[in-house]
Amino acid sequence: MKPQLRVSVLALSVVFPLIFRDLSARPPPQSKKVLPQADINAIGNRNVGEGVNLYPREKEIALGKQLAQEVERSAKLIDDSLTTEYVNRLCQSLTRNSDAQMPITIRVIDSGFPDGFTLPGGFLYINKGLILHAQTEAELAGALAHGIAHTALRGSTRLATRASLIQLGSIPAMIFLPHGWTGWVGFDPYAKLNLAIPLTFLKEFREDELAADYFGVQYAYEAGYDPDSFPLLIARVAAQSSPHKGAPKTLSLFPSAPDRIRAMENEIAEILPRREQDIVSSSEFEAIKERISSLSLTNLQEPSRNAKPTLHKRLI
């Protein structure tokens, strides 16, 4: 089917700044000059996940597989071939346009909670609720690209490495909690535990989220999708549910929605070339949304792959 187109002690961080800050994985300052990590033509060759890491990629993948098995023992997955094939196909298209150096595996969880999460080693999980909250395929692609960026950045194992080097034994276990520590849209399911985490590490979590936004926007764009769409999804979900709205920023795992949106808007304006047409949505996306919304996997018709695309020019 053809898509529709549209035109993470504080003292220790001072003593060991070069060891514990992996600047190579942070978004570069916004600049008119094209910096290496702002060069979309070099996507796939930028080594954005490099830095001090005690987890070789093979060990990271093995860890992720173990955590994935735990998730799948406790979570109900959507077991519908058309839905899983569509989400996997979209995810793999984005992965081919990313810096991820590990294979990506994605599963859909039968949960109405509008979010997704990334485990180490390229294991992604997206809730049914996030698909239903997305209004376009480009919004869904932006969320998936954010999750893929977490894999490319290897944020969880780099954070666990920094914790291990300063002997904070409990932090890696908290990082590897399988149910959404690195949520994509911005919910903080472990907010009550945040006081147990050193402020420096909370800051690292927030920076990693911004980095995943930064690179995820590039991956969605490189795959042909409208880069403005993921900020729209974040804004809409944040407006509908903000359970920790009054929490101080320094005690949060996530940057605020306005901060995330502002950073992405600046990135889009400064480093992504304008083009006449972007993928916004598709009739297949709409059919998949309709298919999973009922949660009735009987007597469902296969989405049409013959719909003609419509064109819409981007505003310049």
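This tour moves through the structure stop by stop, saying what to select and what is found there.

The model is predicted, with local features requiring pLDDT of at least 70, side-chain atom pairs counting only at pLDDT 80 or more, and totals for chains, interfaces and linings using all residues. Residues are numbered from 1 along each chain as its sequence is written, and side-chain values use heavy atoms, with hydrogens and water left out.

**The whole protein**

Begin with a cartoon view, in which the protein has 12 helices and 3 strands; helices (H or I, at least four residues) and strands (E, at least two) are DSSP runs numbered from the N terminus. Of the 316 residues, 52% are buried, where buried means under 20% relative accessible area, exposed over 50%, and partly exposed in between, with a 1.4 Å probe and protein chains only.

**The hairpin**

Select residues 116-119, which are strand S2, together with residues 123-127, which are strand S3. The two strands pair in the antiparallel sense over 4 bridges, pairing being assigned if DSSP finds at least two bridges between two strands. They form a hairpin with 3 residues between them, and Gly-121 in the turn has a positive phi of about 80 degrees. Leu-119 stands opposite Phe-123 in S3. Both faces of S2 are covered, with Gly-116 and Thr-118 buried on one side and Phe-117 and Leu-119 buried on the other.

**Rings**

The structure holds 2 aromatic pairs; rings of Phe, Tyr and Trp (its six-membered ring) pair if their centres lie within 6.5 Å, and planes under 30 degrees apart count as stacked, over 60 as edge-to-face and the rest as tilted. Show the side chains of Phe-117 and Tyr-125, a stacked pair at 5.3 Å centre to centre with 20 degrees between the planes; both residues are buried. Then go to Tyr-214 and Phe-215, whose ring centres are 5.1 Å apart and whose planes lie at 85 degrees, so this pair is edge-to-face. Tyr-214 is buried at a relative accessible area of 5%, and Phe-215 is buried at 0%.

Next, display Lys-59 and Tyr-55, where the charged end of the lysine sits over the ring, 4.8 Å from its centre; a charge sits over a ring if NZ of Lys or CZ of Arg is within 6 Å of the ring centre and within 35 degrees of the ring normal. The charged end of Arg-275 likewise sits over the ring of Tyr-221, 3.8 Å from its centre.

**Salt bridges**

The structure holds 16 salt bridges, each defined as a side-chain nitrogen of Lys or Arg within 4 Å of a carboxyl oxygen of Asp or Glu. Select Glu-60 and Arg-154, which form one with their closest N and O atoms 2.7 Å apart. Glu-60 lies in helix H3 and Arg-154 in the loop between helix H6 (137-153) and helix H7 (155-165), so the pair ties together parts that are 94 residues apart in sequence. Glu-60 is buried at 1% relative accessibility, as is Arg-154 at 7%.

Move to helix H9 (residues 199-222), where Glu-207 and Lys-203 are 4 residues apart, or about one helical turn. Their side chains meet in a salt bridge (2.5 Å, N to O); Glu-207 is buried at 15%, whereas Lys-203 is partly exposed at 39%.

Finally, select Asp-259 and Arg-262, which lie 3 residues apart in helix H11 (residues 257-271) and form a salt bridge with closest N and O atoms 2.9 Å apart.
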